[in-house]
Amino acid sequence: MPTPRSLRRQNPITFVLAGILCIGFFIFFFSSNDTPSVSAHSGSRQMASNVLSPPSLPFRKSKANEAQKPPPVMHYYMNNVTQSRTPAENEEKVLILTPLARFYQEYWDNLVKIQYPHDLISLAFIIPKTKEGNAAYAALQTQVTKLQKGPNKKRFASVTILRQDTESPLQSQNEAERHKIENQKSRRAAMAKARNSLLFTTLGPTTSWVFWLDADIVEFPPTIIQDLAAYDADIIAPNCYQRYYDDKKKAMDIRPYDFNNWIDSPTAKELAAKMGKDDILLEGYAEMPTYRSLMAMMYDPAADPGTKVKLDGVGGAALLVKADVHRDGAMFPAFSFYHLIETEGFAKMAHRLNRESYGLPNYLVYHYNE
Amino acid sequence: MFRPPLPPHLPSLLHHRHSWRHDANSYCRCRFQPRSQPALRRRRQLIQRLLLVASLFFTGVFFFFPNLRPNLGSGPLSFFTSSEDSQLETVRYYDLNNVQGTARGWEREERILLCAPLRDAAQHLDMFFGHLKNLTYPHNLIDLAFLVGDSKDNTLPKLNALLEDLQADANPKQHFGEISILEKDFGQKVDQNVESRHGFAAQAGRRKSMAQARNWLLSAALRPTHSWVYWRDVDVETAPFTILEDLMRHNKDIIVPNVWRPLPDWLGGEQPYDLNSWQESETALALADTLDEDAVIVEGYAEYATWRPHLAYLRDPYGDPDMEMEIDGVGGVSILAKAKVFRQGVHFPAFSFEKHAETEGFGKMAKRMKFSVVGLPHYTIWHLYEPSVDDIRHMEEMEKERKAKEAEEAAKKERMEKIKDQFDSKSSDWEREKAEVQNLVQKAKNEEKEKEKQEKAKAEQAKQEKPKEEVKEAGEQAKRADNFLEPEEIHEARGVDEKQKLEPKQ
């Protein structure tokens, strides 16, 4: 009688069963409920296994007790990075770039409302190291930490925040008009460098679209990315307006704001031909009448909202660019490029690379009004 | 006196014994009577079963109702407790002021991005990885980025295998940082063979598509952590292991070494290779003004005489390797540039920028943005020598010449041999004749002896047996000429043939 019992107790099968049960118990007990959903998306929604990875991808934190492994060999199939008319359906990644000098809560609220799968959107900001920039940085950080904490539907794929000293020299406002234009040039050059720094450090190998959005754009249709991408244009800009209170009409009204979206004119070309190599043409200066056709002036609420015009110069307020345009080398010149600088020079450089810019005069985004 | 104390002793002793016996008895019962055990065991089994049922129950409950699972927080079991999703880090902060690039980057742990565009480069990869392994700059600070496009050979699998080996190295100091392989086909039609690569007509288009590939590579691989970017062609044959530090020490925005290539001796031993590093000249600027917007000036072709001072031609093998020279166009074989140059927008124009494209346009654009562009005329790296079509033709001619010479030599040798053979055959003739003479003498002697014994009619029989005797007697008699008979006969046969042929000449 006692022998079979002890045998039964020490039977290896008992141990094996207990072991299996234990393992199963641990797996079911400790594995979380949303693991399957993560693995289901791992194909298109990539993540990196190492800190050394494109900033446009989220990465898995390495644990303190984990052995340090050498970074893996990563393959990126850039032939598969497409730019189609239906980006959300094709799971195309969008990088939203904002040079940030001042943080507006309205900007952030509007950005979070964007109706494009947030796990396909990466955000990147570049903030100058000034007093104002520090304040903006703190405000942005608060909002970002709040939104990106833990898994939730609104969380963006990744957020990159860059800081950099501005090269912009002190601007002397008491100088003559000519100097004002000079100041404008150095300001735009610094802006161009900031844009390029932001772009080329965050673009990465997986981005399909780059959406440039200024920090003072506070209102646009939430489907703006799908709407603009549907035109299948290399570079496409909506019309930038501003809401204001019209004292005469005693009502809210809108007025044109961004004058950098234009179609070139013979007058401007003549002006440019007479200029020195490093001089630039600027829009909106009385002493430099260019007679260019400004998209800001083409807005017609009665006309077809889908109207598209070809542009020679673009502004940076809101701009959807195929990532391939930037990859081919189109950047924001910080020097006089065909007498153009920054975003206007960008349109020209893209044109030299056989990439065309378009504008939507009747599709409005709104600038902040102080 | 003895008795009275005895009785009290005895009972105590008896008592003692009794108690001892009792103790022993109880001890024995403990050890050998397992009566109380089954109950305890049964209870233990009950506990086990209860635990089992409970764990099964909870497993079931947690399986079907995942919301009821308790959150145990992080700890040693954090691998199980927290999901992949909450382990994700999505926010990154960078300060670009920290990655401006300094002269002593290896001390400040400055990261370098090493870029290499590849196309049909499988045969050079082993050499290239040899160079990589030998670099003295800390490997963990070097990020590698490769763009493989339009390759028809096995560049990609080979590259992958080499990189995997590199990261699996037993020595952790050999491991590099981030490694990206970007696959992108641009659909270029241009052939990659030496002739079409360097033909003048193909240059503009080729340079533009090369520029495009470089830009794609850089824009996909540049990170906010990089202080330097190093461009390196895979077909560099010899370069110092310390090249990164050597170039970095100069603390220039863009710096290139001199690039030469070794040549076969018949071509002069060595030759300047990279003619794209040059200083601008008035002639070239004037020429640029006459060309149309999309034209691209390329160096090293007779079509564009630019009279520019080239870095390559200024080399002095014994010159100071630290000597610097301001340049305007740069060659792409080995460029070290501060990452801020690329961050601020300088790239390889895939269009005609001030009449230049790719690396030369890169130099021009950097100059335009006030960056320092410098070449080191006496610091040389060596490019692989790939013979050009002309060289190949020349080499073929040389080969032909060599073969002709060889054939001639062979003929001469043969003739010498023939002459020698003839000489040999003469001597063998002589030997043979001598042997024959001796034979004849012997025969005569034999005949004389036989004449006495045999009739003249039997002389014919004796003649048939002669060969046997001949061999025997030749072996016995001509000890000097032993074994000579057979080869000599062959020689003689050939010798006779040739003698007849050569006779007219003689």
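What follows is a chat about a predicted model with chains A and B.

Trainee: How much area do chain B and chain A bury between them?

Mentor: About 7300 Å², and 57% of that is on carbon and sulfur atoms. In residues, 77 of chain B are in contact with 79 of chain A.

Trainee: Why quote an area at all?

Mentor: The size of an interface is often given as the accessible area lost when the parts come together.

Trainee: And how many salt bridges are there between chain B and chain A?

Mentor: Four. One of them joins the side chains of A:Arg352 and B:Asp294, at 2.9 Å from N to O. Polar contacts across the interface of chain B and chain A come to 38 residue pairs, with both residues at pLDDT 80 or more.

Trainee: Which element of chain B gives the largest share of the side that touches chain A?

Mentor: Helix H2 of chain B, residues 37-64, with nine residues.

Trainee: Back to A:Arg352. Is it buried or exposed?

Mentor: A:Arg352 is among the buried residues of H10(A). That helix spans residues 342-352 of chain A and is mostly covered, with nine of its 11 residues buried. The buried set also includes A:Glu342, A:Glu344, A:Phe346 and A:Met349.

Trainee: What follows H10(A)?

Mentor: A:Asn354, which has a positive phi near 60°.

Trainee: Where are B:Glu109 and B:Asp150 placed?

Mentor: Both are in loops. B:Glu109 is between strand S2 (91-95) and strand S3 (111-118) of chain B. B:Asp150 is between strand S4 (142-148) and helix H5 (155-167) of chain B.

Trainee: Buried or exposed, for B:Glu109 and B:Asp150?

Mentor: B:Glu109 is exposed, at a relative accessible area of 56%. B:Asp150 is buried, at 14%.

Trainee: How far is the C-alpha of B:Asp150 from that of B:Glu183?

Mentor: 9.0 Å, for two residues that are 33 apart along the chain. B:Glu183 is in strand S5 of chain B and is buried, with a relative accessible area of 14%.

Trainee: What is B:Glu183 in contact with, beyond its sequence neighbours?

Mentor: Leaving aside neighbours within four places in sequence, B:Glu183 is in contact with residues of both chains. On chain A they are A:His75, A:Tyr76, A:Tyr77, A:Met78 and A:Asn79, and on chain B they are B:Val148 and B:Leu156. The side chains of B:Glu183 and A:His75 make a polar contact at 3.1 Å.

Trainee: Which parts does the pair of B:Phe186 and B:Trp216 tie together?

Mentor: B:Phe186 lies in the loop between strand S5 (179-183) and helix H6 (194-198) of chain B, and B:Trp216 lies in helix H7 (residues 200-221) of chain B, so the pair ties together parts that are 30 residues apart in sequence. B:Trp216 is buried at 3% relative accessibility.

Trainee: What sits over the ring of B:Trp216?

Mentor: The charged end of A:Arg327, 5.4 Å from the ring centre. Within chain B, the charged end of B:Arg308 sits over the ring of B:Trp278, 3.6 Å from its centre.

Trainee: And which residues do ring pairs link into a cluster?

Mentor: A:Phe335, A:Phe337 and A:Tyr338 of chain A, with B:Phe351 and B:Phe353 of chain B.

Trainee: Last one, B:Ser334. Where does it lie?

Mentor: B:Ser334 lies in strand S11 of chain B, residues 334-338. B:Ser334 is buried, at a relative accessible area of 2%. Its side chain makes a polar contact with the side chain of B:Tyr230, at 2.7 Å. Leaving aside neighbours within four places in sequence, B:Ser334 has contacts that include B:Trp231, B:Ile243, B:Leu247, B:Val256 and B:Ile381.

Technical notes
Residues numbered from 1 in each chain as written. Chains lettered and ligands numbered in written order. Predicted model: local features only at pLDDT ≥ 70, side-chain atom pairs only at ≥ 80, totals over all residues. Heavy atoms only, no water. Helix = DSSP H or I, 4+ residues; strand = E, 2+ residues; numbered from the N terminus. Buried < 20%, exposed > 50% of the residue type's maximum accessible area, 1.4 Å probe, protein only. Phe/Tyr/Trp six-rings, centres within 6.5 Å; stacked < 30°, edge-to-face > 60°. Lys NZ or Arg CZ within 6 Å of the ring centre and 35° of its normal. Polar contact = N/O pair within 3.5 Å; in protein donor to acceptor, adjacent residues only side chain to side chain. Contact = heavy atoms within 4.5 Å. Buried area = accessible area lost by both parts, 1.4 Å probe.
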